Amino acid sequence: QERYDASAIESKWQKIWEERKAFRADADPSRKKYYLLEMFPYPSGRIHMGHVRNYSIGDVIARFKALQGYNVLHPMGWDAFGMPAENAAIQNKIHPAVWTRENIANMRSQLKKMGLSYDWDREFATCDPEYYRWEQLIFLRMLEKGLAYKKSSTVNWCPDCQTVLANEQVEDNCCWRCGNEVDEKELEQWFFKITDYAQELLDEMENLRGWPEPVLTMQRNWIGRSVGCEIDFPVEGSDRKIRVFTTRQDTLFGATFMSLAPEHPMARQLTTDERRDEVEAFIARVRKMDRIVRSAGDYEKEGVFTGSYCINPATGARMPVFLANFVLMDYGTGAVMAVPSHDQRDFEFARKYDLPLVVVIQPDGEVLDPATMTEAWTGSGRLVNSGPFDGLDNEAAKEEIAAWLAEKGLGAQTVNYRLRDWGVSRQRYWGTPIPVIYCDSCGIVPVPEEQLPVLLPTDVEFTGEGGSPLARVESFVRTTCPRCGQAARRETDTFDTFVESSWYFARYASPHEEGAPVDREQVRYWLPVDQYIGGIEHAVMHLLYARFFTKVMRDLGFVDGDLNEPFTNLLTQGMVCMETCSCPEHGWLYPEEVRDGRCATCGAEIRTGRTEKMSKSKKNVVDPDHLIATYGADTARLFSLFAAPPEKDLEWNEQGVEGCYRFLNRVWRAVHDNLELVGQAGAVPEKLDSAARSLRRQTHKTIRKVTEDIEGRFHFNTAISAVMELVNAIYGFEERQRHPEVLREALETVVRLLNPFVPHIAAELWERLGHGESLESLGWPQYDREALVEDEILIVVQVNGKVRGKISVAADAEQKAIEEKALTEPNVARFIEGKTVRKVIVVPGRLVNVVAN
Ligand code: ANZ
Ligand code: ZN
C-alpha cells in the first residue's frame with residue numbers, strides 16, 4: 001500500500017489550484033459575498049508560527065464559506081513600509097526596497113506552501129507606488145477638508161529609531177519597536193483629525209456586535225468620553241477668568257483652590273514677583289518629568305503657589321491658584337477646580353500644602369469632619385454647605401448646578417474626549433512621502449493631484465545618523481513651487497505606516513484600479529469585511545485608525561455613504577506559546593540545541609523556563625518551514641487548529657504535532673484499506689442492520705457537529721475531535737462487507753469534513769475514491785435528519801414507585817411523547833384507573849414514575 005507522502009501531494013494540489021485559479025474572486029451581484037481577511041503581514045523575512053496559526057484559521061473559514069456557496073474574497077498582501085527595512089539598510093548595507101522585495105518573495109513562497117486559498121491576483125505591497133499614490137490623494141483631499149493639518153507639538157521621540165512615536169507606540173516609556181527609552185521633543189507635525197470622529201467612533205460600536213468585548217472596551221477607554229461642565233473662575237483683581245473642566249460640578253461649593261498645568265498659558269502671568277523664582281524652578285522640574293509617567297499618575301503630587309487668587313463663583317470664596325504636576329495641559333482646559341474633600345489627589349495636595357477642606361457631599365449615615373478625614377469621600381451622598389442645593393442627591397445636583405451655571409452665564413455643559421488627533425509624520429525614509437511643498441512665498445502648498453505620485457527616491461544613503469535620510473537627498477528635496485514657480489522644498493517626512501494599513505482592506509476590492517483609490521462598485525459589493533482576524537495587540541491603534549479611515553473615505557466620497565464600518569466581525573486569535581530552555585553556560589537555547597534534556601554544545605543540564613509567547617529573543621521558536629518539510633502543511637495546519645480554540649493561547653508541543661500527523665496517516669489508511677470494497681458500493685439501502693445504522697447515524701451527527709462548531713464560534717478543535725471519533729468508528733465497523741455503502745458514506749464524509757482544515761490530503765483522497773469533480777465544486781455536506789434518529793430503547797414505568805410495565809421509545813424521544821406512551825401502557829393504565837395522576841417524572845433514558853392517588 002502506498003504511504004502518505006505529504007510533500008508530493010501538497011505540491012501536486014497547490015499546482016492544480018494555481019492553474020485552475022481555484023480561489024479567484026469576481027464580484028457577482030447575483031451571489032452572496034463573504035469577505036474574509038487576516039491582518040496582512042509585515043514582510044520581516046520569514047513567516048513564524050503566529051502567521052501559520054492566523055492564516056490557518058482564516059483559511060478554514062474561507063474554504064468553509066465557499067463550500068457553503070458564498071462568493072468568497074480572501075486576499076493577501078504586504079504591509080511593506082516600516083522601520084525594520086531601514087534598520088536592515090543601516091546594518092547590512094542593503095537597500096530597504098531590495099530587502100523588502102526579497103522578504104516578500106520568500107514569505108510568499110512560504111505561504112504558498114501552506115496551501116492557503118488566496119486570490120493571489122489581488123496581491124499588492126503598500127510600498128508599490130500604485131498603492132501609495134492613492135494614499136497621497138486621500139491625504140490631499142483630507143487637507144482640503146481640514147481633516148489633515150499641521151501643528152507644532154511635543155512628541156514622543158525614540159532616539160534609537162530616530163523617529164516620532166504615537167502615544168500608543170510607547171509602552172512603559174519605552175519604544176514599542178526597539179524597547180529603548182523614549183524622550184520628548186517639539187516638532188512641527190502632520191495630524192489627522194480623528195477627534196472629529198470621536199463621538200461617531202463611540203456610537204458605531206453599538207453595532208459592532210461581532211467584535212470581542214475586550215476590544216470594544218479598550219477602544220471606549222481610549223476614546224475616553226467624559227460629560228461635565230466648563231466653569232469660569234474670575235481672577236481676583238483682574239478681569240481675566242480661569243476656565244476649568246470638571247465632571248463633578250456637584251462639588252463646586254467645595255472647591256477651595258485652583259490647580260493649573262505648569263504649561264498653562266496663564267501660569268506665568270498669574271505669578272507674582274515674589275513667587276517668580278520658585279515657580280520657574282517648579283516649571284523647569286516638571287518639564288523634565290516624563291509625560292507618560294505624569295499621565296499615569298503614580299508619583300508624588302507636587303505644586304507651587306503662584307501668589308494669585310481666584311474667586312469661587314458659587315461661594316465667593318478666595319481660592320489660591322497653584323500649579324500642580326498632575327494637571328495635564330492636553331486634557332480639558334488644563335485647569336482643575338480642586339475639591340480636596342471629594343477628590344483624592346486634591347486631598348493629598350491640600351494636606352501637603354495646608355489648604356482648607358469643605359465637605360459638600362455627605363454620605364448616608366456618616367458625618368464627615370474635615371479635621372479628621374483621612375481620605376477624600378468620592379462616593380455619593382446628599383449636598384451640604386451648598387446653598388440652594390443643600391439636601392439634593394448629588395447626581396440630581398449635577399443637573400441642577402449645570403443648569404444654574406448656564407443660566408448665570410458662568411459655565412456650560414461640555415463633553416471631553418481623551419482621544420487626541422493622530423500624529424502621522426515620521427522622520428523616516430521607508431514610508432509614503434507626504435505630498436506637500438514648502439515655498440518661502442506661498443507657505444505650505446499641496447502637490448497638485450496630477451503630479452502624484454510623489455515617488456520615494458531610491459538613491460539614498462543610510463548612515464544611521466539622526467534626521468530623515470530623505471532630507472539629505474537634494475534631488476528629492478529641491479523642487480519648484482506649484483503656485484509661484486520659485487524654488488521650493490519638499491516635505492521630507494513620511495507617513496506613519498499605520499496609514500497604509502488603515503485602508504488596504506478597501507483596496508483589495510479593486511487592487512488594480514488606476515483612476516481612484518478604490519472602485520466604488522467593487523467596494524459596494526465586497527465591503528465591509530465579513531470576518532477579520534488578527535492579534536489583540538491591534539485592539540486600539542490599527543483597528544481604531546481603520547474605522548476612522550473608513551468614515552473619512554465615506555465623507556470624502558470615495559466610497560458609498562452607507563459604508564460606516566470596515567469590519568463586521570472580528571476574531572482576535574491567541575498567541576502561540578512554547579516552553580523556554582536555557583543552559584547555564586550558553587543562555588537561551590533553540591529547541592534543536594537541546595538533546596535529551598542537555599545542552600547540545602556543552603552537555604550541561606538545561607533549565608526549562610516558563611511557557612511564553614514564541615519569540616526569537618528567548619529562542620522558544622519553531623520554524624514553520626522545518627515543520628512543513630518534516631510533516632507537511634496539512635499537519636502544521638491541523639495542529640494549529642486542533643490544539644486550542646482560536647481565541648485562546650496555543651501551547652506548542654511536538655507530541656501534539658506527531659499526534660496530528662498520525663491521525664492523517666490513519667485517515668489515509670482507512671481510505672486505502674477500503675478502496676476496493678467501497679469502489680463497488682452502490683446507494684445506501686433503506687433497510688440497515690443496527691451496526692450499519694449506528695455508523696450512519698454517527699456520520700450524520702458528525703456533519704451536524706462540525707457544521708455547528710465551525711459556523712457558530714469557530715471551535716475547530718471540537719470539530720476535528722468529532723471527525724477523529726468518526727474515523728475510530730470506521731475502524732470499528734464490523735459490517736463493512738455487508739454494508740460497503742455505509743462505509744463509503746462515512747469515509748467520504750470524513751474527507752469532505754476535513755477538507756477546509758487539511759485541503760491537500762482531502763483533495764487527494766477524494767480523487768482516489770474515484771471522483772472526477774473537485775471537492776470545491778461539491779459544496780458542504782448536509783446531514784440527513786432521518787439518519788439522526790436514535791434506535792429504540794426500553795424504559796421502565798413505575799406507578800407510585802413500583803414497576804408496572806416497560807415501554808419502548810426512540811432514544812432521543814421528547815419528554816411529552818414518553819409520558820404519553822407510559823400512561824397508555826396497558827398494565828400501567830390498569831393501575832392508575834380511577835385515580836388522578838398528580839405528577840409524571842421522566843428520568844431520560846431510564847425510567848418513568850407516575851404519581852397517582
Ligand atoms: C472637580 C472635581 C471634584 C473633579 C471631584 C473630580 C472629583 P475624567 O472623568 O477623566 O474626564 N481634570 C480635569 N482636567 C484635568 C487635567 N487637565 N489634568 C488632570 N486632571 C484634570 O476626569 C475629569 C476630572 O479630572 C475633572 O473633574 C477634574 O477634576 C480632573 F470631587 O473637577 B474634577
Ligand atoms: Zn510659492
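Reply: Helices, of at least four residues, and strands, of at least two, are DSSP runs numbered from the N terminus. The model discussed here is predicted.

Me: How many helices and strands does the protein have, and what are the spans of its C-alpha trace?
Reply: The secondary structure includes both kinds of element, with 27 helices and 35 strands. Along the principal axes, the C-alpha trace spans about 105 × 85 × 65 Å.

Me: What percentage of the residues count as buried?
Reply: A residue is taken as buried when its relative accessible area is under 20%. Applied to the 853 residues of the protein, this criterion gives 54%.

Me: Which residues coordinate the zinc ion (ligand 2), and at what distances?
Reply: The donors are SG atoms, and they belong to Cys439, Cys442, Cys481 and Cys484. Along the chain they follow the spacing C-x2-C-x38-C-x2-C. Their distances to the zinc ion (ligand 2) are 2.1 to 2.4 Å.

Me: What is the geometry of the site of the zinc ion (ligand 2)?
Reply: Four donors count as tetrahedral if all angles lie between 85 and 135 degrees. The ideal angle for four tetrahedral donors is 109.5 degrees. Among the four donor atoms of the zinc ion (ligand 2) the angles are 103 to 116 degrees, so the site is tetrahedral.

Me: How many residues apart are Cys439 and Cys481, and are they buried or exposed?
Reply: Cys439 is in strand E19 (residues 436-439), whereas Cys481 is in the loop between strand E21 (478-480) and strand E22 (487-490). This pair links distant parts of the chain, 42 residues apart. Cys439 has a relative accessibility of 5% and Cys481 one of 3%; both values are under 20%, so both residues are buried.

Me: How many disulfides are found in the whole structure, and why is Cys602 in none?
Reply: A search of the whole structure finds zero disulfides. For Cys602, the nearest cysteine sulfur is that of Cys583, 3.5 Å away. A disulfide requires two cysteine sulfur atoms within 2.5 Å, so Cys602 is in no disulfide.

Me: Which residues are closest to ligand 1, and which elements give two or more residues to its shell?
Reply: The shell around ligand 1 has 18 residues, and the closest are Ser226, Thr246, Leu328, Tyr331 and Arg418. The elements that give two or more residues are strand E9 (241-246) and strand E13 (335-338).

Me: What are the distances from ligand 1 to polar side-chain atoms of Ser226, Arg345 and Arg418, and what percentage of the ligand's area does the protein cover?
Reply: An N or O atom in the side chain of Ser226 is 2.5 Å from an oxygen atom of ligand 1, and for Arg418 the corresponding distance is 2.6 Å. Arg345 places a polar side-chain atom 3.1 Å from a nitrogen atom of ligand 1. On its own, ligand 1 has 650 Å² of accessible area, of which the protein covers 85%.

Me: What is the phi of Phe714, and is this residue buried or exposed?
Reply: Phe714 sits in the loop between helix H20 (690-713) and helix H21 (716-731). Its phi is positive, near 55 degrees, in a residue other than glycine. With a relative accessible area of 11%, Phe714 is buried.

Me: Which side chain makes a polar contact with that of Arg426?
Reply: Arg426 lies in strand E18 (residues 425-426) and is buried at 5% relative accessibility. At 2.9 Å, the side chain in polar contact with Arg426 is that of Asp496.

Definitions and conventions: Residues numbered from 1 in each chain as written. Chains lettered and ligands numbered in written order. Predicted model: local features only at pLDDT ≥ 70, side-chain atom pairs only at ≥ 80, totals over all residues. Heavy atoms only, no water. Donors = N, O, S within 2.8 Å, 3.2 Å for Na, K, Ca; no water. Tetrahedral: all angles 85-135°; square planar, octahedral: opposite > 155°, others 65-115°. Buried < 20%, exposed > 50% of the residue type's maximum accessible area, 1.4 Å probe, protein only. Near = heavy atom within 4 Å. Polar contact = N/O pair within 3.5 Å; in protein donor to acceptor, adjacent residues only side chain to side chain. Areas by Shrake-Rupley, 256 points an atom, 1.4 Å probe, with all protein chains shown as cover.
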